[in-house]
Amino acid sequence: QVQLVESGGGLVQPGGSLRLSCRASGGYISTYAMGWDRQALGKQREWVATDSLGSSGYYVDTYVESVKGRFTISRDNAKNTLYLQMNDLKPEDSAIYFCGATTPYGNHYWGQGTQVTVSS
């Protein structure tokens, strides 16, 4: 059973930065597709970014349009950890951010989430 624990959320002013971390245990993420979703208060859950192994053997990153150029997803397989670097944060980025993993066998796992609040 893969367990995911997010950290790094908090309160930040507009234009600020945060780096979210997602530490995995119970499995090794090197072959997993990893990603981030978010859910703002009163809104539907939204996919944010994915980092997955492409056919070339390199990781491929994809992002929702609203965060392109501001957010960067990355991983450190040696630390079994996924990251989300968030720059130029906007109030509309406020949400609970969830880390997710999909194994090569198609099993899906989610963390409990970490709150990000962007406010002056």
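Predicted model: local features only at pLDDT ≥ 70, side-chain atom pairs only at ≥ 80, totals over all residues.
Leaving aside its neighbours within four places in sequence, which residues is L4 in contact with? Residues are numbered from 1 along each chain as its sequence is written, and side-chain values use heavy atoms, with hydrogens and water left out.

**View 1. The whole chain.** The chain has 11 strands and zero helices; both are DSSP runs numbered from the N terminus, with at least two residues (E) for a strand and at least four (H or I) for a helix. The C-alpha trace spans about 40 × 30 × 25 Å along its principal axes. Of the 120 residues, 41% count as buried, meaning under 20% relative accessible area with a 1.4 Å probe and protein chains only; over 50% is exposed, and in between is partly exposed.

**View 2. L4 in strand β1.** L4 lies in β1, which covers residues 3–7. L4 has a relative accessible area of 6%, so this residue is buried. Contact means heavy atoms within 4.5 Å. With neighbours within four places in sequence left aside, L4 is in contact with C22, R23, A24, M34, C99, G100, A101, Y109, W110, G111 and Q112. C99 is 95 residues from L4 along the chain, and their C-alpha atoms are separated by 7.0 Å.

View 3. Strand β7 holds residues 71–76, and strand β8 holds residues 81–86. The two run antiparallel and are joined by six bridges; strands pair if DSSP finds at least two bridges between them. I73 stands opposite L84 in β8. Four residues lie between the strands of this hairpin, and N80 in the turn has a positive phi of about 55 degrees.

**View 4. The two faces of β7.** In a regular strand, side chains alternate between the two faces of the sheet. Along β7, F71, I73 and R75 point to one face and are buried.

**View 5. R45 and two rings.** The charged end of R45 sits over the ring of F98, 4.0 Å from its centre. The charged end of R45 also sits over the ring of W110, 4.4 Å from its centre. A charge sits over a ring if NZ of Lys or CZ of Arg is within 6 Å of the ring centre and within 35 degrees of the ring normal.
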